Structures are given as structure tokens and as C-alpha cells.
Amino acid sequence: MFKGKWSDDIQGAALHPVIIEIIQKVKEQTANNTEVGNYPLSYDESVYFIVDDKTELREKRRSEIHHKYLDVQLILEGTETFGYSDYPLLSIEDDYLAEKDIAFSNDVKDEQFVTLEAGEFIVFNPKQPHRPLVAVDDKPAAVKKLIIKVNSALLM
């Protein structure tokens, strides 16, 4: 997991050079456009999308993992808490990895939580459990965010 500010220069950050390059490209493309929608990237099967969503109480959210994609999630408007763990899921309850590259579980070891505000982003590595859209202070609220899906094959 890596947390940063979108406005910071991330050159030299503890991230794979391809991730830094993709983030820089998305920064350029979204400087004047944060319209909700899906946007392709010129990197093997990587994409970003902008969504309006709503946070929920922690007990209504489950941790998820992806095998094919690394997630970069930027808060554009609002605040959001994320759960995450440095350990693999202990079990999987709903497995859609083959069809949709996502699996869900509440069986997480040593889950930690971090809250992000507008302008902050977080990076979750492939297979790293993370629980997005958790309400801050148990108060569900609207959030607008940008999510980059980076094909993990680019990181090898």
C-alpha cells in the first residue's frame, strides 16, 4: 500500500516506474476533465474511470482482492476510509477472479484503516486485500473518485 497527494511530484517515490508513468499520464488527462466515465489508457489493458459513489458503514463493506490489476484510487470529492492488510485473505467468500478479477471476503488478518480526503490517493498491489467505500465516522456520504486499473503484467 502506498498513500500520497495527487498534487505531489511522485518521481522517485517508492512505486514501480510504470505506475509513476501511468499516474503522470492520468494527471495530464484529468487536469481539465473529471467527468464521470471510463477512459482507456495506452498501456496493455489498463484503464481509469471516474465514479460518483457513496460510502457505507464498515460492516456493510467487504474486503476485496484483484489478481490481474493493481488499484490506484484518488479521492476527487468527499472523504473515504479504506481498510487494507499486508497479509493475503484467509479465505474467499465470493470468487469472481476468473470473470471480473475480483473476490470478496471478511476473513482479513490484521486489517488497518486509513482515511483519505480530496486530493489524496492510495495504491493497492495485486492480491492485497482492501476495503473501499467505508464511511468516515460511521456517516455514509457521497464521494467522487478516480480509479486506475493497472495491468499487473506491466510490472514484471
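Biologist: Starting with F121, buried or exposed?
Modeller: F121 is buried, with a relative accessible area of 0%. Buried stands for under 20% relative accessible area and exposed for over 50%, with partly exposed in between (1.4 Å probe, protein chains only).

Biologist: What kind of model is this?
Modeller: It is a predicted model, in which local features need pLDDT of at least 70 and side-chain atom pairs count only at pLDDT 80 or more, while totals for chains, interfaces and linings use all residues. Residues are numbered from 1 along each chain as its sequence is written, and side-chain values use heavy atoms, leaving out hydrogens and water.

Biologist: Back to rings. How many aromatic pairs are there?
Modeller: The count comes to five aromatic pairs. Rings of Phe, Tyr and Trp (its six-membered ring) pair if their centres lie within 6.5 Å; planes under 30 degrees apart are stacked, over 60 edge-to-face, and the rest tilted.

Biologist: Why is the pair of W6 and F121 edge-to-face?
Modeller: Their ring centres are 5.6 Å apart and the planes stand at 80°, so the pair is edge-to-face.

Biologist: Where do W6 and F121 lie?
Modeller: W6 is in the loop between β1 (2–5) and α1 (17–30), and F121 is in strand β10 (residues 120–124), so the pair ties together parts 115 residues apart in sequence. Helices (H or I, at least four residues) and strands (E, at least two) are DSSP runs, numbered from the N terminus.

Biologist: And W6, buried or exposed?
Modeller: W6 is buried, at a relative accessible area of 15%. One aromatic cluster is formed by F2, W6 and F121.

Biologist: What about Y39 and Y48?
Modeller: Those two form a stacked aromatic pair, with 4.9 Å from centre to centre and 15° between the planes. Y39 and Y48 are both buried.

Biologist: Now the whole chain. What elements does it have?
Modeller: The protein chain has two helices and twelve strands. From the N terminus the order is β-α-β-β-β-β-β-β-α-β-β-β-β-β.

Biologist: Why call it as compact as a globular protein of that length?
Modeller: Its radius of gyration is 15 Å, close to the 15 Å that the globule rule gives for 156 residues, so the protein chain is as compact as a globular protein of that length. The radius is taken over C-alpha atoms, and the rule is 2.2 Å times the number of residues to the power 0.38.

Biologist: How much of the chain is buried?
Modeller: Buried residues make up 47% of the 156 residues.

Biologist: And contacts between residues 24 or more positions apart, what share do they have?
Modeller: They account for 76% of the contacts with a separation of 6 or more, where contact means heavy atoms within 4.5 Å.

Biologist: Changing topic, which residue has a positive phi near 70°?
Modeller: K127, which is not a glycine. Most residues other than glycine have a negative phi. K127 sits in the loop between β10 and β11 (130–134) and counts as exposed at 51% relative accessibility.

Biologist: What is phi for L133?
Modeller: L133 has a positive phi of about 60°, and it is not a glycine either. L133 is in strand β11 and counts as buried at 7% relative accessibility.

Biologist: Last one, where is S42?
Modeller: S42 is in the loop between β2 (37–40) and β3 (47–54). At 68% relative accessibility, S42 counts as exposed.
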